[in-house]
Amino acid sequence: MAAAQELSVRFRKAGPADVDLVIELLHELIIELGPPDNAAQVLPQLSKDIHLALAADNVCIFLVESEGKAIGLSRGDILTTDPIFRLRTDNRCGYVDQMYVRPTYRNQGLGRQLLHLVENWFSEQGIGHALLHAAQNALRFYSTEGYVPNREMFKRL
Ligand SMILES: CC(C)(COP(=O)(O)OP(=O)(O)OC[C@H]1O[C@@H](n2cnc3c(N)ncnc32)[C@H](O)[C@@H]1OP(=O)(O)O)[C@@H](O)C(=O)NCCC(=O)NCCS
C-alpha cells in the first residue's frame, strides 16, 4: 500500500475526454465485485453507459489521480423516479454508484473523499437524500458514513 503521507492526489470531475479512463476503472470494479456471470452481462454495456453518463446533466463522475494516473472514482446520479420519493414535495434523490479505489490505494481516506464529493454535488443541486446499494464488503464503509438500511429487500426473479 502506498503510504498516506507520500501520496499526493488530485480530485476532479470527469468529462467526456475521460471516457476510456472511467471505463478502465469500472472494468476493474466489475471484475472485483463479480460474480462472473454478472460481469459478463454488464461489461458489454459499460461503454455506452459511460458515454451517456459523461454527457448527462443528472450524472456526475469524480476521479482521483496520483502522479497523473487515475486511481479511483465515484459517481452520482440524480433520480426522479424512485418510488420512495415520488409523493414527496422534493421527489428527487441522489444515487451513489460506482465507488472504486484501486487496491493499493485503499484505507487512506480516498474513498471517503470521493463519496463526499458526490454528496456535496447532490447538496449543491438541492438534493436532500442519498441512496445506494452497498456491496457486502463496503457495508461498514457506508455505515461509518451515516448510511442506514431502509427496509429495502431484494430478490432475483
Ligand atoms: C469501498 C472503497 C471504494 C473504499 O475506498 P477506500 O479508499 O479504501 O476508503 P477509505 O480509505 O475512505 O475508507 C476505508 C476504510 O479505511 C479506513 N481509513 C480511512 N483513512 C485511513 C487511514 N488514514 N489509515 C487507516 N485507515 C483508514 C476507514 O476508516 C475505512 O474503514 P471502514 O471500512 O471501517 O469504514 C474501496 O474499498 C473499493 O474500491 N472497494 C472495492 C469496490 C467496492 O466494493 N465498491 C463499492 C461498491 S458499492
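The model is predicted: local features need pLDDT of at least 70, side-chain atom pairs count only at pLDDT 80 or more, and totals for chains, interfaces and linings use all residues. Residues are numbered from 1 along each chain as its sequence is written.

**Overall fold**
- The protein chain has four helices and five strands, where helices (H or I, at least four residues) and strands (E, at least two) are DSSP runs numbered from the N terminus.
- Along the sequence, these follow the pattern β-α-α-β-β-β-α-β-α.
- For 157 residues a compact globule would have a radius of gyration near 15 Å, and the 16 Å of the protein chain agrees with that; the radius is taken over C-alpha atoms, and the globule rule is 2.2 Å times the number of residues to the power 0.38.

**Helix H2**
- The 20 residues of helix H2 (residues 36-55) should span 28 Å at 1.5 Å a residue, and its end C-alpha atoms are 29 Å apart, which agrees; the expected span is 1.5 Å times one less than the number of residues.
- Two of the 20 residues of H2 are buried, so the helix lies largely in the open; buried means that 20 or more other C-beta atoms, placed from the backbone, lie within 10 Å of the residue's own.

Definitions and conventions. Buried ≥ 20, exposed ≤ 12 C-beta atoms within 10 Å, placed from the backbone.
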